[in-house]
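Me: Hi! Could you walk me through this structure?

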Amino acid sequence: MIGPYASHQRRFFSPLDVVLLALLAAMVVWLGPGLIRAGEYRWNWSVIWRYMVRYDPVSDRMRPNVLLNGFFTTIRLSIWSGVVAMIIGLVMGVLASRRRLLARLVTRTYVEFARNTPPLVLVFLFYYFLGQQITAILGLEQWVAAMDPRTARIVTILAAPPRQLPAFVSAVATLGIFEGAYLTEIVRAGIQSVPKGQWEAGYALGLSSRDRYRFVVLPQAWRVVLPAAVGQFISIIKDSSIVAVISIPELTFQGLEVMAATYRTFEIWITIALMYFLLSSICSWGARGIERRLARHVAR
Amino acid sequence: MSTTIDKDDKDDKDDKEPIIHVRNVVKTFGNGVRALDGVSIDIGRREVVVVVGPSGSGKSTFLRCLNGLETADSGEIVIDGIPLDHNRKNRLEIRKEAGMVFQQFNLFPHMTVGRNIDLAQIRVRGASTEEARRNTCELLTKVGLEDRVDAYPAQLSGGQQQRVAIARALALRPRVMLFDEATSALDPEMIGEVLDVMRDLAREGMTMVVVTHEMGFAREVGDRAVFIDEGRFIEIGPAAEVFDNAKEERTREFLSKVL
Amino acid sequence: MRSRTLKRFFTHILRTPVPDVLGFVALLAALGLLFAYNTAALGYRWQWHRVLRFIFTIRDGGFVPGPLLTGLGVTLRVVAASLVLSILIALVTALFRLSRSLLAQTIARVYLEVIRNTPLIVQLFFTYFVVAPLVGMDGWTAAILALSLFEGAYASEIIRGGITSLPAGQWEAAYSTGLGRRDALRFVVLPQAFRRILPPLVGQAVSLIKDSALVSTIAIYDLTMSGQVIVARTFLAFEIWFVVALIYLVITVTLSASVSVLRHKLLGKYEYHY
């Protein structure tokens, strides 16, 4: 079990295994009727396939259909939100590590507000507000209207089709503000993980406050921040599903749409869960790689 | 699990029979490092054996094998007639027979000093709370800390913590005491108080195996000394002899560096 | 002479937190004004006076909770049920992960991977649309089950971390004094682990309250759902969402604040450096 002596006490078949097997058997019996119903359920995976890719007669090629497009939108949404969140996190994180009370009051309020309110409520609150404000301030609508086809194509690839751009931007802003609070804490923790002696050495050398951050503290904090930030990016991918409630056509929203159109509930939710699982697993795999490489660099 | 052992009964055993019997013990760690490469020794009752050697030579591993914290790959260890094998009951008996003092003290930080020492008496020996506390106070008096029974470990100095740890190891009246670099984590001014306690124990006739870097103490208190290097016992002999006229070149070389 | 006392007074004031707090208040006020001005410029009519009756009304001298308070009641009930269930799940999962049984470890690992790599909202839909019809669950059960499975995964890692983060020396000392595995767990490891586990576990409860807002997507009339319904009927978007956010904030911030108090209480006396 735990603690020393673990090695020579490892057994391949313990009493717990027996109990577990019994429980599993009981569950099969309990789920039996349901499973039989599931067996009688006429699975139809071709529907999923049709909503993944479609044949485009104009270009005579297969093109991604709603589900795959939703998958890509989720990725785009996550990346842009991640960028916004990282910028907010860097600025606020540095501020949070300052001694000045005002700086700490501002960052604390932001972080506590964003972390203690349900993301769903934040989405509703910010969507109504930011949706109008951002489009108005950035003049997005005029810009979209005056867009030439080439820019439109680039914008579609990088973000969203021009028509959906205002909604996309406010979704990115909402997620960015929300996730930025977590990144603020990550950056702050990273900065504070740098030993005090490093600050003092920088100070003794006569470095300015900004140089102390830039050359001494941030490069060292980075090693703590990076793995945690990548981990937070995985959370962003998952949390991005929340904006389905404001009709951003990302993966979860498309799932709801296809469900309404086809009633293939089982196939759809299994597929969507798998797609998120895939995306998230790839990212955590990458995160582990980064962590391992960083660990090798600081090997003491 | 409270099999009380009648200590007097055991004293009737042949006094000349070794209390610790170690034969050809080999211990390899997962990374392929041979920490112990076939070591053997017999330690008699009331004997104090000091183990010295460079860091990484296998001193601690040897000590940890004696009470089963590490499991030897092969070889034979018998403590007071109890073989250290995979039998759980035997292992428990050996843990009761051998008290251990760690370099890092390892006191339980969430318990008062008194509770730290009471715990095993109550849970393992089945003593009543009052009985255990009476014994605890005696032990604390012995290490000179009778007034700190209600303090938490964090409120004590390093030297005091280590003395509490010794008292805790003595709580089950072990036949053998194992000291794993008991003074290495201490500030210089606190080493003396811990060594004093250990010296008293030796004088009372406790069988002790002491891994230490305190060469002066080792020569003074040790009956026999073992020099260990790269997992082998290079030299075993009367302490004065090993320290003053080592036979082996490697021993002399090591001692010339540390003395 | 006079100007010097004045100067000293000002330098003294500048060293206190007063200017910072004043600056902070000014910043908040500016932000609020900007917000009010902008929304008004976009044609939004603020009608705070209409909000109160959605929280409660006094009818015939009696207190009648409005839809928001009723929704809060539902939220709290969902949270309470999920909290109990999720801690049970977390304990079992943590013990599975620490057990010697390969089967138990595998079950726990698969469960954790699935939960941690998919969004809660998809788990809710999966439970509600796929699992619930198979075993004949109602929406409430589905919501509580999905929430508990989700939070339980994270809580189990907290519990496991609390146990494994204990230095090996504590185990070794326990064994060396002759304690058995059960006693070592009971008297040495778990009491220390508990103190490390409790604060993050309360933090996880805060997450549970926040995440419970998502059950509104499967038609549970909790606080968030009530807000949505009112907004759809009255178009009081900002007023209602502010109030809803505030209600959540009061609960979660209180809990969060209690965490830091708890941490001091639990660790203060024997802050120990291993």
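Predicted model: local features only at pLDDT ≥ 70, side-chain atom pairs only at ≥ 80, totals over all residues.

Me: Thanks! How many residues do chain A and chain C put into their contact?

Reply: Chain A brings 59 residues and chain C brings 62, with contact meaning heavy atoms within 4.5 Å.

Me: And what area is buried there?

Reply: About 5,500 Å² is buried between chain A and chain C, and carbon and sulfur atoms give 74% of that. Buried area is the accessible area (1.4 Å probe) that two parts lose on being put together, summed over both.

Me: How many salt bridges are there between chain A and chain C?

Reply: The count is one. Asp20(C) and Arg100(A) form a salt bridge through their side chains, at 2.8 Å from N to O. The rule asks for a side-chain nitrogen of Lys or Arg within 4 Å of a carboxyl oxygen of Asp or Glu.

Me: Which elements of chain A touch chain C?

Reply: Those giving two or more residues are H2 (15–40), H5 (101–116), H6 (119–138), H12 (251–262) and H13 (265–297), all helices of chain A. H13(A) gives the most, 11 residues. Helices here are DSSP runs (H or I, at least four residues), numbered from the N terminus.

Me: Switching topic: which residues make the nonpolar surface patch?

Reply: It covers about 880 Å², and its residues include Trp80(A), Ile87(A) and Ile157(A). Patch residues have over 30% relative accessible area and no salt bridge, and nonpolar side chains (Val, Leu, Ile, Met, Phe, Trp, Tyr) are joined within 5 Å. H4(A) gives the largest share, seven residues, and Ile87(A) sits in that helix H4 of chain A.

Me: Nice. How many salt bridges are there over all chains?

Reply: The structure holds 31. One pairs Arg188(A) with Glu185(A), their closest N and O atoms being 3.0 Å apart.

Me: Where do Arg188(A) and Glu185(A) lie?

Reply: Both are in helix H9 (residues 165–193) of chain A, and because they are three residues apart, about one helical turn separates them.

Definitions and conventions
Residues numbered from 1 in each chain as written. Chains lettered and ligands numbered in written order. Heavy atoms only, no water. Patch = residues over 30% accessible without salt bridge, like charges linked within 9 Å, V, L, I, M, F, W, Y side chains within 5 Å. Areas by Shrake-Rupley, 256 points an atom, 1.4 Å probe, with all protein chains shown as cover.
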